[in-house]
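Me: I'd like to go through this structure with you. Can we look at it together and talk it over?

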Amino acid sequence: MSLPLITGTARLVDDPELRFTSGGKAVAKVRLAFSDRKKNEQTNQWEDGDKIFLEASVWNEEAEHIAESLQRGHEVLVSGKLRQREYEAKDGTKRTVFELVFPTIAPTLKWATAKVNRMSRSNGGGQQPQGQQGGGDPWASQAAQPDRGFGGRQQAATDEPPF
């Protein structure tokens with residue numbers, strides 16, 4: 001068995017919060033609001049239905065990209081595994097939260113436009129837009145490239161975010 005997969009459209013409740021672990025790995029905390037918005041045929045007005053608020057932690061380069069690209073109020077498409085986590089608050093009460101694990105987050109283009117800049121790594125480990133100093137575009141080749149997937153972009157589930 002595995003955790004349930006959740007895919008949906010949400011709005012960012014806050015700007016993504018970017019931090020770095022003591023080891024230098026980037027992690028962004030993202031707060032999301034999902035709403036069942038429907039048009040009332042009698043009043044011809046849009047009405048918000050049930051709401052669900054979830055948090056997600058995104059790691060490594062994707063965390064930096066999200067923090068640079070998205071902000072509060074943006075509509076995003078999200079996919080990730082839903083996890084329930086229990087913890088003890090500072091006041092001693094036990095709490096339960098639901099969060100998305102290993103989420104994929106992208107802006108929706110229904111109400112906005114986006115310009116995609118493919119990022120590349122320089123020899124120093126930093127990132128820069130393709131076409132600037134540091135290496136060519138591997139996607140520009142006329143030869144077909146094998147699908148290498150998206151492995152390695154998420155942090156292991158055992159690492160705790162520094163929030």
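**Strands, core and helix**

Reply: Starting with a bridge pair, valine 78 in this predicted model has isoleucine 105 in strand 8 as its bridge partner. Strands here are DSSP runs of E with at least two residues, helices are runs of H or I with at least four residues, and both are numbered from the N terminus.

Me: How many bridges join strand 7 to strand 8, and do they run parallel or antiparallel?

Reply: Strand 7 and strand 8 run antiparallel and are joined by twelve bridges; two strands count as paired if DSSP finds at least two bridges between them. They form a hairpin with five residues between them, and glycine 92 in the turn has a positive phi of about 95°.

Me: What about strand 1, how does it pair with strand 7?

Reply: Antiparallel, over seven bridges. Alanine 10 stands opposite valine 76 of strand 7.

Me: Before I go on, what are the ground rules for the model and the numbering?

Reply: Residues are numbered from 1 along each chain as its sequence is written. As this is a predicted model, local features need pLDDT of at least 70 and side-chain atom pairs count only at pLDDT 80 or more, while totals for chains, interfaces and linings use all residues; side-chain values use heavy atoms, with hydrogens and water left out.

Me: OK, the core. Which residues touch the most other members of the largest nonpolar core?

Reply: Val30, Leu32, Val76, Val78 and Ile105, out of 14 residues. A nonpolar core is a set of buried Ala, Val, Leu, Ile, Met, Phe, Trp, Tyr and Cys residues joined through side-chain atoms within 4.5 Å. Buried means under 20% relative accessible area, exposed over 50%, and partly exposed in between, with a 1.4 Å probe and protein chains only.

Me: Which elements give two or more residues to this core?

Reply: Strand 1 (5–12), strand 3 (26–35), strand 6 (51–59), strand 7 (75–88) and strand 8 (94–107).

Me: And what does valine 76 touch?

Reply: Leaving out residues up to four places away in sequence, valine 76 has contacts that include Gly8, Ala10, Leu32, Leu70 and Ile105. Contact means heavy atoms within 4.5 Å.

Me: Switching to helix 1, which of its residues are buried?

Reply: Asn60, Glu62, Ala63 and Ile66, in a helix of residues 60–69. They sit on the same side of helix 1, because they cover an arc of only 140° around the axis, taken from the directions from the helix axis to the C-beta atoms. Their cover includes strand 2 (17–20), strand 3, strand 6 and strand 8.

Me: What's exposed on the face turned away from the buried side?

Reply: Glu68 and Ser69.

Me: Last one, arginine 11: what does its side chain reach?

Reply: The side chain of arginine 11 reaches the backbone oxygen of glycine 73 at 2.8 Å. Arginine 11 is in strand 1 and counts as partly exposed, at 38% relative accessibility. Among the residues it touches are Arg31, Glu75 and Trp111.

Note on methods:
Polar contact = N/O pair within 3.5 Å; in protein donor to acceptor, adjacent residues only side chain to side chain.
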